[in-house]
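Hi,

Here is the structure I promised to pass on. Have a look at it first, and my notes follow below.

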Amino acid sequence: MSENTSLNLQRDKGNSLGLGGIVKKILFDNMVTILFVVLCIFGIYFSGQSLAFITGELITRIARNAFLVLSLIIPVLAGMGLNFGIVIGAMAGQIAIIAVTHWKITGIAGFLLCILISTPLAILFGYFTGRLLNKTKGQEMIASMILGFFANGLYQLLFLFFIGTIIPMKNPTLVLSGGIGIKNTIDLSGGIKYAVDGLYRMPLSLALLIISLILIVINIYKYLETKKIKRKDNEKYLFSVGASILLLILSIALMVFRTSFMFIKVPFVTILVIVAICIFNVFIVKTKLGQDFRTVGQDMHVANVSGINVDKIRVTAIIISTVLAAWGQLIFLQNIGTLNTYGSHEQVGMFAIAALLIGGASVTKATNSQAIIGIILFHTLFIVSPLAGKNLLGSAQIGEYFRVFVAYGVIGVSLGLHAFKQQIEAKNKFKSQ
Amino acid sequence: MPKKLQETINRIGIPRLIITAFFIFLCILAVLLGLPIGSLISDTLVRTGMNGVLVLAMVPGILCGIGLNFGLPLGIVCGLIGGLISIEMNLTGLKAFSVAVLISVPISAVVGYFYGMLLNKVKGSEMMVSTYVGFSAVSLMCIGWLVMPFNSPEIKWPIGKGLRTTITLTSRYAKVLDNLFSFSIGGIVFPTGLLAFFLICCFIMWRFLRSRAGIAMKAVGDNPVFASASGINVNKSRIIGTMLSTILGAVGIIAYAQSFGFYQLYQAPMMMGFAAVAAVLIGGASAKNAKISHVILGTFLFQGLLTVALPVANKIVTEGNLAEVLRIIVSNGIILYALTKVGGGGE
Amino acid sequence: MKNGANILQMKNIEKEYFGNKVLKGINLSVRAGEIHALLGENGAGKSTLMNILFGMPVIHSTGGYKGEFLIEGRKVDIKSPKDAMNEGIGMVHQEFMLVPGFTVTENIKLNREILKHNLLSRVFGENLKSLDYENMNKDARKALNTIGINIEEWATIAGMPVGYMQFVEIAREIDKSNVKLLVFDEPTAVLTESEAKTLLSAMKKLADSGIAIIFITHRLDEVMSVADSITILRDGEVVATRDKKDTNVMELAELMVGRKIERIAKSDGKRNLSKGNIMTIKNLKVQMPGEEVKGVNLEIKEGEILGIGGLAGQGKIGIANGIMGLYNSDGEVIFRGKKLKLNSPEESLNNGIAFVSEDRRGVGLLLDTSIEENITITAMQIKKKFIKNYFLFTQLSKSEMRQHSLKMIKELDIRCRGPQQVTRRLSGGNQQKVCIARALTMEPEILFVSEPTRGIDIGAKKLVLDLLLKLNREKGMTIIMTSSELGELRAICDRIAIVSEGRIEGILKPEDSDAEFGLMMAGHYSKLRNREGLEDA
């Protein structure tokens, strides 16, 4: 019997690694992200693009996509894996856009109306998605993916055949010439294009300055907070302060040395909204609801026994995610400026999930910073790979296919690794009992 | 009596009933609209034969316990390689078809072996992983098609790099099986060779399921703990099932292409797995159990539905592709239904 | 002796499951500040009684119970675990209800978090209130201090020794503000000796603070060291209630086991079991979760029926599973003079060892497959029977399979609609017979049978036991029968090995006294004998 304790002690000792061990562990845990950092650096080098161009593109893409990626975090928290069902949220957003475009309400008013219309739709869709996922516990991801395809069928049915027949609509700019069905592409310029982005654009250097200052304040506050309760893992905040100061210096340098970077503008309000959603994701964890998400996510059985209504919590998580996805799609489209009625939403889930995973998230763990890092890396690759492919292999197409492969591949590998880990853990659990 | 009815409905499944009823409804509509019934039946038969082997590929996967093999594109890609090589060798007719099959079988066997090993490492999440293995394989092969060293002008783009997106088989072996011993009665053309090929594949599979290895495989899929207690090597049986599924995927696409008349490269195979999955489910299979009869019935129903729906839909709504939308809803709906039955959900 | 007021009184409690009476008028009362031990074999009715106490759904979905149930003299009707919680009844589970990724505090306060308002919660309601970690930590600290354990409240559960997790469970129960009665269900089973000691002293501390404790265990020495009074259940009845000072380990052991036995096997006395050993097991260790074997030495004589008994969770089930290679095992098994390769079901089956699993529906049967395939599949895979060979290919021989299964169905009297019937719809007894038929089809030299009568009605039980006896007497098959029911072991076995804590505690004859069986099952036999030996010296 006493052998057990000594075994346990030994195991604990095994966990406290030396410095080399820690570095190894960090490298291993962030393998995917590091691999992509290397890939991006290669890509940037071989694409021959200027850093300023890439940065400009990147900022547009971050502003465009971040919200969608961030909408994935809560279902992961609740143990439901990567919500491929955000496609359905995106559809809710597009339904709203088509309605608002039809009513010719433009600008920020139009955008807000879109939010107003898409939210109840997304809540409804999210509710049904959640109900379905409760029926397919353990297979949530495949179920949400197939559900996305299924919903896409219904969506097409609605816009291709119901408009003009069951739903009367006379609008030659939206409806196909035959009078039935919505056109393939809808131009949003003069509508809600840049409704949010265009509110206020700030020079990059100024934006960086503000962000770095905010980061410094937050991290110092957190450091002091954790120091008060004697937590030992607070060095990371000091590290962040250091990094933010570097950023601050960079922003000042950008202002002083007038490079091509000074032409880059940041859509300030959009970024603000993204920051707000980040704060929301952090905030929710610290509430009762968030604690329930975490409990359900870690162990449904224990949650059930301790009186938490597991099914309801899971539905709530999916509803939140779906609503955020609908808003995310609105932000995405107001930036793109054209709605591809039957295509804009299709790849939304896949690209958002790939970005999140590249940032180092997994099926069971995802954070804001992983989402942001993931978006930066994934979209850098997107920007540079066609040109890098052309310069390196003589074919831009190779680069294009490569980035598609990367998106699918990273999801595949990540899912595979997760399943493999689960299998090992199940075995270990057997042994330790 | 109502209880018995209820039981029967539960056993068949509501979605299946809806689909069958819908099919019958479409058939009646087709008659009322005065559509050419003979050619519709002929088309249905051809499409059943051409998709049949791909659907059959689901059976060993389901029975060995990996569930619905969404990774079918892996086999399809192997079949495409075999098919392209047979063209590159400048063969024609049945000989070319046979060579394509013969080449693709070992390739897909090897690929299936490694795929099976991978799936053994991810037990419990096979369906999700296999979906993305399929997607990744297709997108990786997109690069592959760009760089593969084929020289035949039928395969390559005349200018620039890489292979054509569609490769015509007219001068090679388009419809060799369809036209083999085909005959027509009262306006209905029977693609005898094609159907015979499909049925022979079914027969071989049926025989395999009654062999020692086949019985072991079924036991593994049904209850892996039982199987290992009976001295059966669970992982090996699962690999055999996965290999068979991949091989049938390869053979299936060649049979499909000869009837279709083209090989489609690049993104085309991406979603083909889903159609096959849907067909076998419509036939009455589940993620845990499938029979040859499910394959035959399911393929016929699903393809029949699509064949009849197209002209009927075109008569009603002239614009847009209603039949395609219908396909999306039906196939994904039935897969969703099957998924809700996997975990039981009631835990 | 403590003289607190009665916290819990259960009067004449009766409970039926589908016409099967499992509790036959139980009386139990527990006073404040008392540690009341509840003893009994598996199936004696302890867990049913506790399920009633907690208002578990399983009780109410099967027709409820009869009898009176009083808390602090008030008649109560507990319909759900939530009611029980409101009445101040708490339970320390045998399996931990902890979230590994959470801190100690978060686990103690699971779904009872202390909340405070923030900006959003005033608009969107309760669910968005923030967690008040400061106060939660304080409460957790207080609870941990009460039981006298020094764990940091912000440490995460994952990676903690098992003993600590147990204490967190206890801390959670006492943190519930109104707790009056705590049930400890085999709390020391997973603990090391020193952890168990700390736990027992924590229990005493809690009792001193006025909480009533029901202590379910089979470790008689622990009972003697902490309990104030003891109730012993057997077959759904209270056989005795004793104050600690009036009893001793021997008496408790006897009370736990004692029951009439009907020996089915005629004691003809002419049995010749001197043919020597067919199998020798040396230091067998099996990693079977929940039934771990920690070093078993056992000799099996040719032609005997050897029983393996013991309480649940002690490892008796693991022995057969280990030898059959179903769970990872280690050690030496010598079969007919040859060393048996472990961890390979194929090897064991090839050597003529067959097994009827305790998990009939999980391991023993292909539920959606026909009776005939179930009977023949193992022999088909291992012995290549029922198979026709065609060059490289094999085909099932339906006629051979049909013939053999019909023979088996007749011999074992399997009641079915025919060999093609799916096994799922058979009754428990007939399913068991299919499992035995499958084992017999292997023509084994030695047959392991685990829990052959579990979940079978009484009539069928007798049939299965008769069948085993017949196989042994008529075919000379060596049988090792593992069972939780001592009665049936004593009915047909030649010798009975009792397993405790993963080892063989001792081997008894079926005629031996109840006290000896009881002591062995409680793991006290060797301890007691050793002590006597010392006193003698």
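A quick definition before anything else: a salt bridge here is a side-chain nitrogen of Lys or Arg within 4 Å of a carboxyl oxygen of Asp or Glu. Side chains of opposite charge can pair when their charged atoms come close. Counted over all chains, the structure has 38 salt bridges.

Some ground rules. This is a predicted model, where local features need pLDDT of at least 70 and side-chain atom pairs count only at pLDDT 80 or more, while totals for chains, interfaces and linings use all residues. Residues are numbered from 1 along each chain as its sequence is written, chains are lettered from A and ligands numbered from 1 in the order in which they are written, and side-chain values use heavy atoms, with hydrogens and water left out.

Now to chain C. Asp77(C) and Lys79(C) pair up through their side chains at 3.1 Å, N to O. For exposure, I call a residue buried under 20% relative accessible area, exposed over 50% and partly exposed in between (1.4 Å probe, protein chains only). Asp77(C) is partly exposed at 46%, and Lys79(C) is exposed at 54%.

Arg141(C) and Glu153(C) form another salt bridge, at 2.8 Å, N to O. This one links distant parts of the chain, twelve residues apart: Arg141(C) sits in helix α6 (residues 133-146), and Glu153(C) in the loop between α6 and α7 (162-175). Helices (H or I, at least four residues) and strands (E, at least two) are DSSP runs, numbered from the N terminus. Glu153(C) is buried, at 11%.

Then there is Lys385(C) with Glu443(C), at 3.6 Å, N to O. Their positions are 58 residues apart, with Lys385(C) in the loop between α14 (371-383) and β19 (387-390) and Glu443(C) in the loop between α16 (428-441) and β21 (446-450). Lys385(C) is partly exposed at 24%, whereas Glu443(C) is exposed at 54%. Separately, salt bridges with shared partners join Lys109(C), Arg112(C), Asp139(C) and Asp175(C) into one network.

Over in chain B, how do helices α3 and α9 pack? Helix α3 (residues 37-56) and helix α9 (residues 192-209) have their axes 8 Å apart, at an angle of about 25 degrees. Axes are lines fitted to C-alpha atoms, for helices over the stretch in contact (heavy atoms within 4.5 Å), and angles run from 0 to 180 degrees between N-to-C directions. α3(B) and α9(B) are therefore roughly parallel, a label for angles under 35 degrees.

Cheers

Conventions:
Angles under 35 degrees count as roughly parallel, over 145 as roughly antiparallel, 65 to 115 as roughly perpendicular and the rest as oblique.
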